[in-house]
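Please read them with the structure open beside you.

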Amino acid sequence: MHNSEAMVLIDMPAGPSEVLFIADEHASPAITFSNMYAPEHLIINVKDAEKWEGLIENACSVFIGPWTPESVGDYASGTNHVLPTYGYVRMYSGVSLDSFLKFMTVQSLTEEGLRNLGPYVATMAEIEGLDAHKRAVTLRLKDIEARQPFQTK
């Protein structure tokens, strides 16, 4: 695929592998095209190529400057060539060291935090039909209420 107006060339010699090459002195339209296309590999070979990096939103593996061929990324520079194709870069990243790490999230609410969030959480759980989730919140909220001193109005 070739877009001569934006000076963009997409090379697909390996089937689903996608390489988008930007070598235009006016890279702005090419960057816009690249972000829509979401290539697996993006090569930016223009003067001051580094200045365009912050504008890239959808590319899996980006190669900047005249001395950074895509093959170095596949085999030697610390990345790899296990990357999403067909525009899936918009939603997924390539396999990296992070793919083999275990992440854990931890939550801790105060009583006040549950009082503030609890009614909303109970409503969402009810809408989803998750009665046990709703009860896990409402029972705690009732316990909080029962421990409050009697207030007259």
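1. A salt bridge is taken here as a side-chain nitrogen of Lys or Arg within 4 Å of a carboxyl oxygen of Asp or Glu. By this rule the count comes to four salt bridges, and Asp 143 forms one of them with Arg 147, the closest N and O atoms being 3.5 Å apart. Both residues lie in helix 4, four residues apart, about one turn of the helix; helices (H or I, at least four residues) and strands (E, at least two) are DSSP runs, numbered from the N terminus.

2. As to the basis of these notes, the model is predicted, local features need pLDDT of at least 70, side-chain atom pairs count only at pLDDT 80 or more, and totals for chains, interfaces and linings use all residues. Residues are numbered from 1 along each chain as its sequence is written, and side-chain values use heavy atoms, with hydrogens and water left out.

3. Which residues does the salt-bridge network join? Salt bridges with shared partners link Asp 143, Arg 147, Glu 111 and Arg 115 into one network. Within it, Arg 115 pairs with Glu 111 at 3.0 Å between the closest N and O atoms, both being in helix 3 (residues 111-127), while Glu 111 also meets Arg 147 at 2.9 Å, N to O. Because Glu 111 lies in helix 3 and Arg 147 in helix 4 (residues 131-147), this pair ties together parts that are 36 residues apart in sequence.

4. For accessibility, buried means under 20% relative accessible area, exposed over 50%, and partly exposed in between (1.4 Å probe, protein chains only). Arg 115 at 38% is partly exposed, as are Glu 111 at 33% and Asp 143 at 44%.

5. Two aromatic pairs are found in the whole structure, where rings of Phe, Tyr and Trp (its six-membered ring) pair if their centres lie within 6.5 Å, and planes under 30 degrees apart count as stacked, over 60 as edge-to-face and the rest as tilted. Phe 33 and Tyr 37 are stacked, at 6.0 Å centre to centre and 10° between the planes, and both lie in helix 1 (residues 28-37). The rings of Tyr 88 and Tyr 92 have centres 6.3 Å apart and planes at 35°, so that pair is tilted.
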